[in-house]
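Here is my note for a colleague opening this model. Please keep the structure in view while reading the points below.

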Amino acid sequence: MTTTDDSPLYDVAVVGFGPVGQLLSILLARAGHEVLVLERWPEAYGLPRAVHFDDEIGRVFQSAGVGEQVRAITDPVPDHYEWHNRDREPLVRIDWSGTGPSGWPTANFFSQPELEAVLAKAAAEFPAITLHRGLEVTDLHDDRDHVLLTARTPTGTEQTFRARYCVGADGANSFVRSRMDTAVTDLGFFYDWLIVDLVPRDTDTVWTPMNWQLCDPARPTTIVSGGPGRRRWEFMRLPRESVEDLNTLESAWELLKPWGRTPDNSVIERHAVYTFQARWAERWRLGRLLLAGDAAHLMPPFAGQGMCSGLRDATNLAWKLDLVLTGTAAPALLDTYTSERREHVQHAIGISMALGQVICVLDEKAAAERDARMIAAGADPARVLPPTPPPVLGDGVLQHTPDGSRQANVGHLTPQYRITHHGRTGLLDEMTGGGFVVLTDGETPCSALEDADRSMLRRIGATLVPLYEPGDPAAFTQNAYVDADNAYLPHMREHGHVAAVVRPDFYLFGAANTPAELHRLIGQLGVRLHLLPPERPGPRTTPGRPLAATDGR
C-alpha cells in the first residue's frame, strides 16, 4: 500500500463517476478546485438507465457549460404525460409540453450513456479533475483536516489519497454512507418491474402519446421515450411471477409482442428487473464526509425525478463547498446541505409514490373504483392525485422574517427569463455567468447598499442586475439590464418587491420591499452563509467565471 504524508491534498474527493459525480466534479473544477474522482468500474457503463430530466436540470447543465451538448442528445416532449386505464380512457394528464420556467423544455428524454459521455468529455477538459477508473474505495478516515481514502485496483494493489472533503456519489449501496452514522427512513414502497430498452428499426413510427402509463390491473405498463431513436417499456412483475422468470430475453419479447415489437423491427439494448423503493438518509454530512444522489435517497421512477434529484444535490453542494474551500464561509454552512435537500427530496419521493400508487393496482375492483374516481375528476392532477409536500427547500440559507417565518416563495426555484445587457440578449444565467444574483427594480433599490454590503457581494461573486422595462430610456445607463421578456419586473411588482436575491442553485434566498430592506437582506445573507471575516478584502474570481463588470457595485 502506498502511503505518504506529502501526497497531493485534493480539495474534494468524489467517489463515483455517474452523472451526479460527473456534474459535481465539473462544477467544482469550474470554481477552481482540485478534484479527485475514484470510480470502481474500469469503463463507463454502456447501457441505458435514467431517461428523463426536467427544465430545471436543463438549466443545471447550462450552468455547467454543457447545455448545447446536452440539447443535441435529448428528445424534448411535445405533448402530455398521460395515464390511461385498460380502455385507454385518460386518468391523469400532466402537461409536459413547451418551455418550462427555467428556460428549457419542460421534459427531456435521453440515453444515459450518451449523457455520461458528454459530461465525461467536459470533465476531461479540466486539468483540475484527476479521474481514476478501476479503483474501488475500500477504506476512509476523517482526520482533523482531511479525509484519507484507501482504494484497491482489480489486481489487489492499494493506493491512498488525501482530500479536504469526500463526497459519496457511489449509488444505492454507497460505501461512503456505510462509514457515516446515519439512519435511513424507508417508506416500505417495494415493487419489481422489468425494464426493457430497445431501438426501433422502423424509424418513421409516430408514438402518440410519446410518454404514457397503462393502468391495467392485468399488467401495469410504462411506455416512454428512451431518448432520440429509442423507446422504453416497463412491465410490473405480477405475484405469480418470479424475478428470475421475468428477467429473460424471452419474457421481454413475449411482453413486447402485443405492442407490435418483434426482433424483425426492434433491437433490445437491455432488459433488467429493478425493485422500486422510496427512502432517504437522515444525515447527508458527517464532518468531512457527504452524500449525494442515490447514496442519499431512492425513489420510484414514475415522476422521472431520481437522477434529477441527485443533480440538484450536486448543484446545492458545489457552491457551498466552494465558499468553504476558499475560506469565505465556515464549515457550518455545509450543515444546510442536509436540511435543505432532505426536505426538498421528500417532495420528489412523495409525488413519485403518489403516481406509483395510481398505477401499481392489481385488484380489479380497486382499479375500477380508481378509474371511476379519476375520470369523474377530469384527469386533473390537482384533483386526482394525493397531496404531497411542496417542492421547497428545507431551512438553511434562506431569508427569515423578524418573527422567524418565511416570506412567500422563499426557498422555491426561481424562473430564468431573457435579459439584455450591452446590446446582447440571453437567458439570465448566460448573461450573469451564474453565482449569486441580486435582481433590482432599476438602480434606486441599490441606494441603500453600504460599502460593507457591496464588499460582501464581491466576496461571494454576486452580480447586481438592475432591471428596466423594454423601451425605458434609463435602460441605456452603463450597468442597466433590460427585462427582455417583460417577465421579472411584473412579477416583482405584483408582490411588492424592489429586489430579490437568487442563489447559485437558482433558488430564492429572499426578497425586499424597500431599499432599506435590501440592505438588511444582504446582511442576513452574510449571516446565513456563515461568512468568515475577510482576510484579504477584494473581488473573488474563479477560472470558471470572471468577475463581471457590475459584480457587487
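1. The lining of the second largest pocket has 16 nonpolar, nine polar and five charged residues. Ala, Val, Leu, Ile, Met, Phe, Trp, Tyr, Cys and Pro count as nonpolar, Asp, Glu, Lys and Arg as charged, and the others, Gly among them, as polar. The model is predicted: local features need pLDDT of at least 70 and side-chain atom pairs pLDDT 80 or more, while totals for chains, interfaces and linings use all residues. Residues are numbered from 1 along each chain as its sequence is written, and side-chain values use heavy atoms, without hydrogens and water.

2. Which residues lie nearest the centre of this second largest pocket? They are Asp-54, Gln-305, Arg-312, His-347 and Pro-391, out of 30 lining residues. The pocket holds about 810 Å³ of space. A pocket is an open set of points on a 1 Å grid over the protein atoms alone, where a 1.4 Å probe fits, with protein on both sides within 12 Å along at least five of seven lines; lining residues have an atom within 4 Å of a point. The volume is the space filled by probe spheres set on the points, which are joined across faces, edges and corners.

3. Several elements build that lining. β3, α2, β6 (90-95), α8 (306-325), α9 (335-359) and α11 (381-384) each supply at least two residues. α9 gives the most, with six. Helices (H or I, at least four residues) and strands (E, at least two) are DSSP runs, numbered from the N terminus.

4. β3 also belongs to an open, antiparallel sheet of three strands, ordered β3-β7-β4. β3 (52-54) and β4 (75-76) are the edges; each has a single partner strand, so one side of each lacks a neighbour in the sheet. Three bridges join β3 to β7 (residues 107-109). Strands pair if DSSP finds at least two bridges between them. Asp-54 stands opposite Ala-107 in β7. Helix α2 (residues 55-63) packs on this sheet, touching β3 and β7, and its direction makes about 85° with that of β3. Contact means heavy atoms within 4.5 Å. Axes are lines fitted to C-alpha atoms, for helices over the stretch in contact, and angles run from 0 to 180 degrees between N-to-C directions.

5. β6 sits in another open sheet, with seven strands in the order β6-β5-β14-β15-β16-β13-β17 and mixed pairing. β6 and β17 (266-276) are its edges, each with a single partner strand, so one side of each has no neighbour in the sheet. Neighbouring strands are turned by 15° against each other on average, direction ignored.

6. Inside that sheet, β13 (residues 191-200) and β16 (residues 231-236) run antiparallel, joined by six bridges. Trp-193 stands opposite Met-236 in β16. Helix α10 (residues 364-376) packs on the sheet, touching β5 (80-85), β6 and β14 (211-215), at about 50° to β6. Helix α7 (residues 249-256) lies across β13, β16 and β17, at about 105° to β17.

7. Helix α13 (residues 451-459) has Asp-453, Ser-455, Met-456, Leu-457 and Arg-459 as its buried residues. Buried means under 20% relative accessible area, exposed over 50%, partly exposed in between (1.4 Å probe, protein chains only). These buried residues pack against β24 (437-441), β25 (463-468) and α15 (515-528). Just after α13, Gly-461 takes a positive phi of about 70°.

8. Glu-535 lies in the segment after α15. Glu-535 counts as exposed because its relative accessibility is 78%.
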